[in-house]
Structures are given as C-alpha cells and as structure tokens.
Amino acid sequence: MSTIAGKSGVAGGADGAAASATFNSPRAIAAGKDGSLWVAQATGLRRILNGTVSTVDPAISATNVAVDPDGNAIVVSNGLVQRVTPLGAKTVLATAAQVATLVGQPTVNFAPQAVAVNAAGDVFVSDTGTVAVYRITKAGVLSVFAGTPLNEKGDVDGPVGTGTLGFYEVEYMTIDEAGNLYLSGQGSVRKISPAGVLSTPDYGWGKTVIGAVAYSGGKLYGMTRYALLQSYLP
C-alpha cells in the first residue's frame, strides 16, 4: 500500500506536488481514462494528474463524482447534477425543477446520490427523493431510466413503471462494459440493464448489507462493514 496524494492525519486544501498537497473531508473518488483522479470533498472539487493536485472548483460541495469519456467530472452537489471540466467550467445537467416537469408534479424532493457514466457519455443518477434512476444523455435529454418515480419504496423487478427501488441505505452505483448498472443501498445489489429493466441477481453474498460497489474485469465487488466481497458476472 502507498499514499497517492495528501498527508495522513493532516487536513487542508493545499495544491501542488502530491506528496505535499492536503485534503479535507474527501467523500468520493473517480478515475479518468487519462490517468487523472477526481476527488469530491465536503468543500472543493480536486483533481490529481501526473503527480500534481489542483483545485478545479474551491466551493462546490460534491457528495459523489464520476468521470465521462471526455475527461470531465460529473458531480452530485446540493440537489444538482453538474458537469465540470478540468478548467472548472460548469454545466447543470439536472435540477429538481426539471425532474418535477418530467414526472408531472409541481415540485419534487430531488435528492441525487449515486452517479455513473457509460461509454457513450450518458449520465445515470439515482435519486432517493423520487425513488428512481434517471438518465441524462450526452445531448442533455433527461428521462426516467429505472424504477417508478414517486412510488412507495419497493423491491419489484421489471421495466420503468413496473419495477421499484428501495433506497434503504446509502447507495453506490457502478457500470460494466455492456452498460449494465449495479446499484447498492437496496437491501441487495440491484442490476439495471441497458434497457432500464430492474432485476435482483444472486451474487452469492447472502443477506449482508452492501455499501460501495465497483466493477472491474468481469467481477463485481461489494464492500460490507467488515469485508470486501467479489462475484464473477456471467
């Protein structure tokens, strides 16, 4: 094990060489194809590239982050989903008002949490407020991707309008090469096909609560309170 950046036990916001830079309350991390690492903090969005840490946006308070195929960060922050370029330019991708219009309500409690991006640049975000997963295409078109918005929490498999989501714990989301999403926080890890169909596969992990999830090399990884589990996917 080695330290990539920052100083153990030292909080701060210093940029510069990775060994001397400091971080404060990091919440999430995501890797870009260019070798960069984006770090979402309680205050400030940071980027690590070629051994140097920089602050892309000093004020943004992101709870989750992913990286799109163009190397931009997709961040969830204070009820917004935003695209942030390495130079700090921001584009709002989804708001509560947009979601309310989509689901035919005057207002909604839009509380985006987990985020993932596919190879085409489409963004997927889970929302505990309306208990659904939304897709935002690279062109900026917002749609319901999985679950039944504003439905009571549930565990029903099926397509949009039939399937339901639970959001019983803090959720995390990852995506495989085929575009399947894996969403934790459901009492189990739910799978969402590229067509938006929910299913509940048996990964052989039993009834344990899964927190963070990640996909790599044909395997799904799930983090419990005490162990890291893995399962080979078909």
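**Figure 1. The largest pocket of the predicted model holds about 1,000 Å³ of space.** Of the 36 residues that line this pocket, those closest to its centre are A30, A66, M173, T174 and I175. By residue class, the lining comprises 23 nonpolar, seven polar and six charged residues. The structure shown is a predicted model, and totals for linings and interfaces use all residues.

**Figure 2. Strands and domains that contribute to the lining of the largest pocket.** At least two lining residues come from each of the strands β2, β6 (64-67), β10 (112-117), β14 (173-175) and β18 (213-216). Both domain 1 (1-86) and domain 2 (95-233) are represented, each supplying at least three residues of the lining.

**Figure 3. The interface between domain 1 and domain 2 buries about 1,100 Å².** The domain assignment divides the chain into domain 1 (1-86) and domain 2 (95-233). A distance of 23 Å separates the C-alpha centres of the two domains. Contacts link 13 residues of domain 1 with 16 residues of domain 2. Carbon and sulfur atoms give 68% of the area buried between the domains. On the side of domain 1, the residues that lose the most area to domain 2 are P69, V76 and V81, which together account for 35% of what that side buries.

**Figure 4. An open sheet of five strands, with antiparallel pairing.** The strands follow the order β1-β5-β4-β3-β2.

**Figure 5. An open sheet of four strands, with antiparallel pairing.** The order of the strands is β14-β15-β16-β17. At the edges stand β14 and β17 (198-199), each of which pairs on one side only. M173, T174 and I175 are among the lining residues closest to the pocket centre.

**Figure 6. Pairing of β16 with β17 in the four-stranded sheet.** Strand β16 (residues 190-192) and β17 pair in the antiparallel sense, and two bridges connect them. K191 is placed opposite S199 in β17.

Methods. Residues are numbered from 1 along each chain as its sequence is written. This is a predicted model: local features need pLDDT of at least 70, side-chain atom pairs count only at pLDDT 80 or more; totals for chains, interfaces and linings use all residues. Side-chain values use heavy atoms; hydrogens and water are left out. Two strands pair if DSSP finds at least two bridges between them. On a 1 Å grid over the protein atoms alone, a cavity is a set of points where a 1.4 Å probe fits but cannot get out, and a pocket is an open set with protein on both sides within 12 Å along at least five of seven lines; lining residues have an atom within 4 Å of a point. Grid points are joined across faces, edges and corners, and a volume is the space filled by probe spheres set on the points. Ala, Val, Leu, Ile, Met, Phe, Trp, Tyr, Cys and Pro count as nonpolar, Asp, Glu, Lys and Arg as charged, and the others, Gly among them, as polar. Domain bounds come from an automatic or database domain assignment. Contact means heavy atoms within 4.5 Å. Buried area is the accessible area (1.4 Å probe) that two parts lose on being put together, summed over both.
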